[in-house]
Amino acid sequence: MRKFASLVWNKDGPLISSPSSILKRPHSTFQPIVKTIRFSSTVTLTSSQFTNLPRGPYSVVNDQDIQFFKKVLQGRVTTDSNELEFHNTDWLKTVRGSSKVLLRPKTTEEVSAVVKYCSDRHLAITPQGGNTGLVGGSVPVFDEIIISTQLMNEINSLDPVSGILVCQAGCILEMLDNHVQEHGLTIPLDLGAKGSCHIGGNVATNAGGIRLLRYGSLHGSVLGLTVVLPNGEVMDCLTPLRKDNTGYDLKQLFIGSEGTLGIITGVSIVCPQKPNAVSVALLGCENFQKVLDIFVTCKSHLAEIMSAFEFMDSPSMELVKGNLSLVSPLSEFPFYVLVECSGSDGTHDEEKLMKMLQAVMNRGEALDGIVATDYAKIENIWALRENCALALLKDGYNYKYDVSLPLQHFYTLVEEMRERLKDHVIRTVAYGHVGDGNLHLNFTTSKYCAATMALIEPFLYNWVARHDGSVSAEHGLGLKKRDFIYHSKTPSAVSLMATIKKAIDPQGIMNPYKVLPQVIRGEDGI
Amino acid sequence: MSGLRVLVGCKRVIDYAVKIRVKPDNTGVITEGVKHSMNPFDEIAVEEAVRMKEKKLASEIIAVSCGPTQCQETLRTAMAMGADKSIHVEVDAASYENLQPLHVAKILAKVAQDVKADIVFTGKQAIDDDCNQTGQMVAALLDWPQATFASKIEKANGDLTVTREIDGGLETIKVQLPAVLTADLRLNEPRYATLPNIMKAKKKKMEKKKPEDYGVDIGPRQSILKVEDPPVRQAGSKLDSVETLVSKLKDAGLVPS
């Protein structure tokens, strides 16, 4: 669901009699315009934040290099510092690089040509998609050349029978979804940033999102990739086949590699049938245990049709109500659950949903709830959950954590952190994908505070490791979390990763300073 | 003036977020397997009726819908929002394609007399055919006063004071009861049906009727010749300078040369 045109509320706008515009309400419910709270140039340079991180021994871009790029990519080489500002700064406005050049190739061949040149010249590269990453992985740390997939936005083919889509890496997720919807299909991935993120970036970071519960991770739905390796060579594994057991499955290596092993330029992905009918319920309940109880009830009643199970705590609801003026259809509860079902037969699905809701109400698992089946209402309910990330930015500085935890420890971490930070932060909010054991835990302060950070890290990561969780469930490691890799991976695993990185990128020019820790420990540790 | 009985017309239409597709044979639009919802303006009418009941202005709300069996879902929604009972006037799918505002108005007028309604409330128009006729026709058939495009409804002694959205501003009128009201967008923002109310709605009474029960002939008065997609918007093009733009505009005769 949720690929419906966003509702743009038009304050005091004229009533124009066309079906799409007569329904514009004067009330402000959802503002799709992202207001930049702080200007990019006010974000501290990463090199000044991470003073113990030295620049690698890479060459510096000179005029000759620019000339070469301009020859290969006519009119698509940007050196204007204002334009580069966006590409140097991450979406959260927490890290900022100082790249002097942005390249916007249109084809795999062009990417290959510039990467080969960079490899020969020993120039470092940061591949970039929609720049919506949350761990500082999509922006340069120093002066790495940015290669953006922005203009690689062509759809190559869509087989309506098999549902296999082949496209370039720079296609925007929402555009792809709109395209495949024309054929009754849907992209097996959906997340809040869908309007700006690129499919190549999604694959490179193995993005999760709200459909993972239903369609599984990209490791399953991506069938093939075209990747430009750090020496400029093109690895063409863009097979449109569901089954292909011939040798090592190399594409898997690039899914989630965060641009450190190569630049993904083409993607082949299998699209499931778009569900005919979608219903969403928003429930209010009194404690986290009830959230889990509802989850169990939902699994037994909705099994094959449940397509999302999300939770928000009351500070999250306060956040979107306060910072974005969204309206919740429920009164106040300590916890909220959003359940979505989607299936092929609306009447049948709704019947199942109603039975489930009756069960959770009768058992007192939910205290109140509403159901929406109209698209506009479904959209409004999802807006509450999906705008949490945007609303957080309005507080000032956002300390963002994305962890996986066994469900029994899921909310305990939030409670401990809230107690630990109570006098140091504006708020502690938690929401996330209960169905996947994925918690999004956020703290905000008006501006970055080192003392607050010291209270959070490494305490939070140690806590997660102690409770058998993962320090990054779906956001990746990027720059910000790379040194915490050992909290979730053994030294031998990290060491093998380093071996792979060295084999594919011996010069280390591809997205340097990301994913792998600054210090790689040996098998026996340091 | 407590104890008013409000009859609300609820049309089932293609959900407004759905992309409409024309049938290949140009006889209409594809409705099969397409998400339907209550006409948003009718939903506003239901909401207002429920608010009138909450303010003790109204005592009973009866929702009515004319159309195929699926209209019963629309009526359940109305009852989950707060309507007390409903009447489904069943019109088979084939006849429904030719059902016109006049047919519906005749049925609503009869139902209104039948249930002794004090107010007939509908949306100002349905978002599928955009006719904006039913409310007015009901008023004419019953010879009742009408207050269309209502954006505010207040009680004033035995009458209603209604603010209407008209071109260029607002008009405030007084109507005597019984009356026909039609709801405009800004009248209110409809509530979400809560779970307990959805459960209760299942037990509320839904009467099943046919147009013949009201003596209304639904034989078609007009026939649809053709339904076509609007012309596809021409693709734009990017120009590299203001000069080119100006010369293009001049070529097209949009600015004097």
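**Note on chains A and B of the model**

1. In β16(A), A:N438 is the bridge partner of A:H433. The strands concerned are β15 (residues 427–433) and β16 (residues 438–445) of chain A, which run antiparallel and are joined by seven bridges. Strands here are DSSP runs of E with at least two residues, helices are runs of H or I with at least four residues, and both are numbered from the N terminus. Two strands are said to pair if DSSP finds at least two bridges between them.

2. On the basis of the note: this is a predicted model, in which local features need pLDDT of at least 70 and side-chain atom pairs count only at pLDDT 80 or more, while totals for chains, interfaces and linings use all residues. Residues are numbered from 1 along each chain as its sequence is written, and chains are lettered from A and ligands numbered from 1 in the order in which they are written.

3. The two strands of point 1 belong to an open sheet of seven strands in chain A, with the order β13-β10-β12-β11-β15-β16-β14 and antiparallel pairing. At its edges are β13 (368–372) and β14 (397–404) of chain A, each of which pairs on one side only. On average, neighbouring strands of this sheet are turned by 15 degrees against each other, direction ignored. Helix α13 (residues 375–386) of chain A packs on the sheet and touches β10 (277–285), β11 (306–313), β12 (335–343), β13 and β15 of chain A; the direction of this helix makes about 45 degrees with that of β10(A). Angles run from 0 to 180 degrees between N-to-C directions, with axes fitted to C-alpha atoms, for helices over the stretch in contact.

4. Chain A is assigned four domains: domain 1 (40–148), domain 2 (155–270), domain 3 (277–384) and domain 4 (395–476). These bounds come from an automatic or database domain assignment. The centres of domain 1 and domain 4 of chain A, taken over C-alpha atoms, are 30 Å apart. Four residues of domain 1 of chain A are in contact with four residues of domain 4 of chain A, contact being C-beta atoms, placed from the backbone, within 7 Å. On the domain 1 side of chain A, the touching residues are three nonpolar, one polar and no charged. For this count, Ala, Val, Leu, Ile, Met, Phe, Trp, Tyr, Cys and Pro are nonpolar, Asp, Glu, Lys and Arg are charged, and the others, Gly among them, are polar.

5. A:D143 lies in the loop between β3 (125–128) and β4 (145–148) of chain A. A:D143 counts as buried because it has 20 C-beta neighbours inside 10 Å. The cut-offs are 20 or more other C-beta atoms within 10 Å for buried, 12 or fewer for exposed, and partly exposed in between, with C-beta atoms placed from the backbone. Apart from neighbours within four places in sequence, A:D143 is in contact with A:V60, A:V61, A:S98, A:S99 and A:K100. A:K514 is 371 residues from A:D143 along the chain, and their C-alpha atoms are separated by 14 Å.

6. Chain B has seven helices and 11 strands. Of its 257 residues, 40% count as buried. Among contacts in chain B with a separation of 6 or more, 70% are between residues 24 or more positions apart. The C-alpha atoms of chain B fill a box of roughly 70 × 45 × 40 Å along the principal axes.

7. Nine strands of chain B form an open sheet with mixed pairing, in the order β9-β8-β7-β10-β6-β1-β4-β5-β11. The edge strands β9 (169–175) and β11 (206–209) of chain B each have a single partner strand, so one side of each has no neighbour in the sheet. From one strand to the next the twist averages 30 degrees. Strands β7 (residues 146–156) and β10 (residues 179–183) of chain B run parallel and are joined by three bridges; B:A150 stands opposite B:A183 in β10(B).

8. Helix α2 (residues 71–81) of chain B packs on this sheet, touching β1 (4–9), β4 (58–67), β5 (85–90) and β11 of chain B, with its direction at about 165 degrees to that of β4(B). Eight of the 11 residues of α2(B) are buried, so the helix is largely enclosed by the rest of the structure. The buried residues include B:C71, B:T74 and B:L75. Just after α2(B), B:G82 takes a positive phi of about 140 degrees.

Notes:
Two residues are in contact if their C-beta atoms, placed from the backbone, lie within 7 Å.
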